[in-house]
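Please keep the sequence and the 3D view at hand while reading.

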Amino acid sequence: MKKFLGSGSFSTVKEAVRKSDGSQFAIKIIDANKFYFDEKAKIGFKREISILKRLNHNNIIKFYECIEEEGKIYIVTELMKGGNLLKLIEQKKGIPEIETRILFKQILDGIKYLHDRNITHRDIKPDNILLKIDKCNTIINDSYSQSIENVDDFKVTAKISDFGLAKNDNFGLQTVCGTPQYLAPEIMNETNSINYYDSKVDCWSLGVVLFQMISNLLPHKNGNKSIIDFSNNIWTEVSFNVIQLIENLLIVDKDKRYSVDQSLNHEWFSMEPESMINDPILSFNITKNWGIVTLINDKETLTINMNTSKFTIGSNRRCQTMISDNAISQLHIVFSFNGYAAYIIDKSKNSNDVFLNGYIIEKNKPIILNKDSIIKIIDSDDKKYHIIFDTFSDKPTQDDHSISQQSNSRKRKYSDNNQYSEGSKRSSTIDDHSLSQQSDSSKRKHSDSERSKRSSTIGIQSQVRNVLTSSKKKVMVIYNENNKKLEPSFANLSLSNEEVWMELIPINNNYSKLLIKKDSFTIGRNSSCLISINDLVISNYHADIKRDTNGIIYLIDKSSNGTYINHKKIKKQKVIINNNDKIIFTYKDYKKVKDDNNVEIGYIVSLK
C-alpha cells in the first residue's frame with residue numbers, strides 16, 4: 001500500500017503496487033465491521049461489486065478483483081493518475097469548449113454503455129469522473145487551449161467511477177440518493193406519495209456537469225432547479241449548440257428531457273471546431289429589407305424591419321432581439337432569408353413548442369414563411385410573445401447606412417420590466433436611415449446586473465470596427481459619440497494630448513497604434529468593445545484595462561483562452577500593467593517559442 005487517495009463513510013481508497021511486476025492499482029478498502037448491522041450498506045457493496053464485474057468499457061473504471069479477508073473487503077481497480085474532473089475544472093476555471101466536447105463525449109459514451117445494460121448510476125458528478133493522462137505535454141496542452149488545430153494532441157481519457165449508488169434498473173427506481181447539487185428534481189420527493197424515477201436522472205446530472213465544465217459554476221441558484229442561470233459572460237462566448245444541449249438536459253419534465261442517445265446525436269458533436277469559436281448562427285449578410293417582424297407583448301408592441309440574412313430572438317445577449325424571460329430559450333427562434341424565400345427555425349428547448357399559424361413546427365428544421373404569418377413562441381393560453389411576420393411588397397435596394405446594423409450593435413432588450421416608452425402599447429420601428437437611433441437606443445435604462453456583465457453600451461462610448469485597407473493592413477476605425485469618423489492614427493482635434501494617457505504600440509505591423517483617453521475600456525471580438533479585434537481566438541469580452549484614481553493601471557483577463565503579459569500567460573486574473581509591458585492576445589504559431597517575432601496580435605504599453 002502506498003499513498004492515500006480518498007475516503008468515504010465506510011471505505012478508504014489507497015494506491016497500491018503489485019510486488020511481482022510493479023503494476024500500480026487503486027484499492028478501495030471497506031471495513032465490514034462498520035456496516036455489520038447495516039443491511040442496506042451490505043446490499044449496496046454487494047451490488048457495487050456485482051455491477052463492476054459486468055463492466056468492460058474504455059470510459060468506465062476497470063475492475064480487476066475483489067478480496068475478502070479479516071473483516072476487510074478490497075476492491076481492486078485501475079489507478080487513474082490524472083485526478084478527477086472537478087480538479088481539472090477548478091484548475092482551468094472552466095474548460096474551453098473544444099476540450100469540453102472531447103471529454104463530455106467520452107462521459108456520454110460511458111453512460112450509454114450503462115443504460116444499454118439496464119444500469120443507472122445515480123451519482124454522476126465531476127468528483128466521480130476520473131482522468132487518465134496518456135501523454136502530458138504542457139507546451140502542447142497550453143497551445144491547445146488557444147488553437148483549433150491541435151485537437152489530436154489532447155490525450156486525456158475520462159472514466160466513470162464510484163458505483164456505490166448504481167442500480168440494476170432503468171425504471172421504477174424510488175430511493176432518494178445522490179449529491180444534492182446534481183440530483184434530478186423527480187428524485188426529491190417532497191410529498192408522502194411514492195415517487196418513481198428512471199435513468200433520465202443520470203441525464204439531468206450530465207447537464208449539470210456540462211454546465212460546470214464550461215463555466216466552473218453550478219447552473220441553479222437558491223435551489224430553484226426550474227431556472228438555469230446563464231448570466232455569466234462565458235455564455236456569450238460559446239456556441240449556441242452547447243447551450244441548447246445543456247437546456248435540453250436540464251428540463252424538469254423528464255419525459256421531454258434529452259436521453260443519452262439524443263445527446264450523442266446532437267448537432268454540437270458534429271460541429272467544425274471553427275464554428276465553436278465563430279458560431280455560424282451569428283454570421284449574416286446585410287441585405288435588402290425582406291421582412292417585418294411585429295413582436296407583441298402584453299404591454300407593448302415592437303416592430304422591426306429585417307435587413308440581415310439572419311435574425312435571432314432569444315434570452316442570450318447575443319441575440320438581435322433579447323427577451324429577458326425564463327420561459328425563453330437562450331436562442332429561441334431564427335429567421336433566415338436566402339435571397340428568394342424566408343424561413344423560421346425553432347431552436348428552443350424540448351419543453352417549449354413554437355406555433356406557426358396554429359401548428360407546432362419541427363425543431364431545428366427550416367420552415368418557409370408566407371405573408372402575414374402568425375407565430376406563437378411560448379405555448380401558453382395568454383397572448384404574450386406573439387409575432388406577426390410580413391414580407392415587403394416592394395423590393396427596396398440596400399441602404400448605404402445599413403452596415404451600421406450589425407447584430408451586436410443593434411441589440412435590443414425586450415422585457416416586461418424594461419419598456420421603451422411610457423403609457424400603454426407603442427409601435428417602435430427601426431429606421432435603416434437613422435444613425436442617431438443607435439445612440440438613442442443605447443441610452444435606454446439597463447439593469448445594474450446587465451451593466452456589470454457588458455463592458456460597454458452601444459453609443460455611450462466610442463465603437464471600434466475592423467476594416468481592411470487597400471494595402472491589406474488591418475486598422476482600427478473609431479467612431480465617436482457623434483458618429484464622426486476619426487482617423488486610425490487618432491490625429492484629430494477632438495483628442496488632445498492632455499486627454500490621451502496611454503498609447504498601445506503594435507508589436508508587429510499588422511495593426512495601427514492606438515491612443516487611449518478613457519480610464520476604463522474593454523478589448524474583445526464583440527463590436528461593442530472599445531477596441532474590437534476580429535480574430536477567432538479573441539473572446540467576445542477578452543480583457544478590461546482600468547486606471548484607478550491613484551494612476552495604477554490594471555488588466556483583468558475575462559477570456560476563455562487567456563492573455564499573455566510579457567509572454568507570461570494569465571487567465572481570469574487581475575494584474576498591474578507598467579510602462580513598456582507587452583500585452584499579447586495571439587501568436588502566429590502556438591507550438592513555437594513565444595517571443596516577439598511570433599506575435600500575431602499584441603501591443604507594447606506606452607504611458608504618458
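In what order do the five strands of the open sheet stand? The order is S27-S26-S28-S29-S32, and the pairing is mixed. The model is a predicted one.

**The open sheet**
- Strands of a sheet pair through backbone hydrogen bonds, and the pairs may be parallel or antiparallel.
- The edges are held by strand S27 (531-532) and strand S32 (574-577). Each has a single partner strand, so one side of each is left without a neighbour in the sheet.
- Strand S29 (residues 553-557) is joined to S32 by four bridges, and the two run antiparallel.
- Within this pair, Leu 555 of S29 stands opposite Val 575 in S32.

**Strands S6 and S7**
- Strand S6 (residues 129-133) and S7 run antiparallel, with five bridges between them.
- Leu 131 has Ala 158 in S7 as its bridge partner.
- Strand S7 (residues 156-160) is mostly covered, as five of its five residues are buried.
- Both faces of S7 are covered. Val 156, Ala 158 and Ile 160 are buried on one side, and Thr 157 and Lys 159 are buried on the other.

**Lys 87**
- Helix H2 (residues 85-92) contains Lys 87.
- Is Lys 87 buried or exposed? Lys 87 counts as exposed because its relative accessibility is 55%, and the cut-off for exposed is over 50%.
- Lys 87 and Leu 131 are separated by 44 residues in sequence, while their C-alpha atoms are 9.9 Å apart in space.

Definitions and conventions:
Residues are numbered from 1 along each chain as its sequence is written. This is a predicted model: local features need pLDDT of at least 70, side-chain atom pairs count only at pLDDT 80 or more; totals for chains, interfaces and linings use all residues. Side-chain values use heavy atoms; hydrogens and water are left out. Buried means under 20% relative accessible area, exposed over 50%, partly exposed in between (1.4 Å probe, protein chains only). Two strands pair if DSSP finds at least two bridges between them.
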